[in-house]
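Here are some questions and answers for a reader new to this structure. Each answer sets a value against its cut-off and then concludes.

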Amino acid sequence: MALLVCGGRLLKSRSDAKRVVAAMQPLCSSVASGRQHVNGVDLYYEQTGRGKHAVLLLPGALGSTRTDFGPQLKSLNKERFTVVGWDPRGYGQSRPPDRDFPPDFFERDAKDAVDLMKALGFGKFSLLGWSDGGITALIAAAKNRDLISKMVVWGSNSFVSQQDLKICNAVRDISKWSVRMRQPMEEVYGTEVFARTWEAWVDGIAQFAERPEGSICMELLPLISCPTLIIHGEKDPMVPGFHPQYLLKHIKGSRLHLMPEGKHNLHLRYADEFNKLVEDFLED
């Protein structure tokens, strides 16, 4: 079976591949795109819908709004929501600069995300964060309690365990990947830049394992006050099940929804179910 990379995570099967390709296709003309100068860089974003409830989509590692959130940009209710996708600095179309991974790169992404929404004129908004984007969302919600209405995170973690390190190191060397597995990200970044950035990401994640308890943002979880929905695919090969349980325990008032057949890319593979779940939560 083919393996593909999406948002820095591995996707298995041809059906998954087709969903990623579909998500990368040009969307309808109702999507506006542009670049906004924020914190010294030009951040690429896409915006659709005209609803009063603004929602920011936060992609995974090496991911971008178009590769990671096609079904959400296309199908989330445009009458009820204004949906904004963005490419974090150094990812996708928010280049230059080249991506780097200093110890505070998640905090930097969180500040960029919030400041982008402010620059676009949104005084309050909700967050939908996948994988690394979920970590960014957790930090943004903890540090901007007056700005974040609600939050949904999936495939995310607040610390790096030894099991997490093994998962990352197992896929460090992209020369061992199949062509089909490398192709989506090589189309975005080119072969050399993708290889270099991917290794840098693995090292960036590994540095958290040197911290007490492997913390990325564990200490911030009790500061989150917005209603929070945690979604987890029970067949997720990238994020062990103890991570969503930890988030549930330490984010006050949060709720957990398990998808028995869901894997890491559950929002792509089960887009209709995911979108309805999110819309119901945001409107509750």
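Q: Where does the pLDDT stay under 50, and how many contacts does the model have there beyond four places in sequence?
A: The pLDDT stays under 50 over residues 17-29, and the model has 20 contacts for this stretch beyond four places in sequence. The model is a predicted one. Where pLDDT is low, the predicted coordinates should not be read in detail.

Q: What is the mean pLDDT of the chain?
A: The mean is 91, and 90% of the residues reach 70 or more. Over residues 1-8, however, the pLDDT is below 50, with 40 contacts in the model beyond near neighbours in sequence.

Q: Why is strand 5 called largely enclosed?
A: Strand 5 covers residues 53-58, and six of the six are buried, so the rest of the structure largely encloses it. In a regular strand the side chains alternate between the two faces of the sheet. On one side of strand 5 lie His 53, Val 55 and Leu 57, on the other Ala 54, Leu 56 and Leu 58, and all are buried.

Q: How do you know that strand 5 pairs with strand 6?
A: Pairing needs at least two bridges, and five join strand 5 to strand 6 (residues 81-86), which run parallel. Leu 57 has Gly 85 in strand 6 as its bridge partner. Strand 5 also pairs with strand 7 in the parallel sense, over four bridges, where the partner of Leu 58 is Gly 129.

Q: How do you know that the length of helix 4 agrees with its number of residues?
A: At 1.5 Å a residue, its 15 residues should span 21 Å, and the end C-alpha atoms are 21 Å apart, so the two agree.

Q: What makes helix 4 mostly covered?
A: Eleven of its 15 residues are buried, among them Phe 105, Asp 109 and Met 117.

Q: Why is Asp 109 called buried?
A: Buried means under 20% relative accessible area; Asp 109 has 4%, so it is buried. Asp 109 is found in helix 4. Leaving aside neighbours within four places in sequence, Asp 109 is in contact with Trp 86, Pro 88, Arg 89, Arg 99 and Thr 136.

Q: Why is Gly 123 called exposed?
A: Exposed means over 50%, and Gly 123 has a relative accessible area of 54%, so it is exposed. Gly 123 is found in the loop between helix 4 and strand 7.

Q: What makes the pair of Phe 69 and Trp 154 edge-to-face?
A: The whole structure has twelve aromatic pairs. In the pair of Phe 69 and Trp 154 the centres are 6.3 Å apart and the planes stand at 75 degrees; an angle over 60 counts as edge-to-face. The two residues are 85 apart, with Phe 69 in the loop between helix 2 and helix 3 and Trp 154 in strand 8. Phe 69 is buried, with a relative accessible area of 0%, and Trp 154 is buried, with 1%.

Q: Why is the pair of Trp 154 and Phe 274 called tilted?
A: The ring centres are 4.6 Å apart and the planes are at 55 degrees, so the pair is tilted, an angle under 30 being stacked and over 60 edge-to-face. Trp 154 lies in strand 8 and Phe 274 in helix 11, so the pair ties together parts that are 120 residues apart in sequence.

Q: How do you know that the charged end of Lys 150 sits over the ring of Phe 281?
A: The charged end of Lys 150 is 5.2 Å from the ring centre of Phe 281, and the distance cut-off is within 6 Å. Arg 99 lies over the face of Tyr 91, at 4.3 Å from the ring centre.

Terms used. Residues numbered from 1 in each chain as written. Predicted model: local features only at pLDDT ≥ 70, side-chain atom pairs only at ≥ 80, totals over all residues. Heavy atoms only, no water. Buried < 20%, exposed > 50% of the residue type's maximum accessible area, 1.4 Å probe, protein only. Expected span 1.5 Å × (residues − 1). Contact = heavy atoms within 4.5 Å. pLDDT = per-residue confidence, 0-100. Phe/Tyr/Trp six-rings, centres within 6.5 Å; stacked < 30°, edge-to-face > 60°. Lys NZ or Arg CZ within 6 Å of the ring centre and 35° of its normal.
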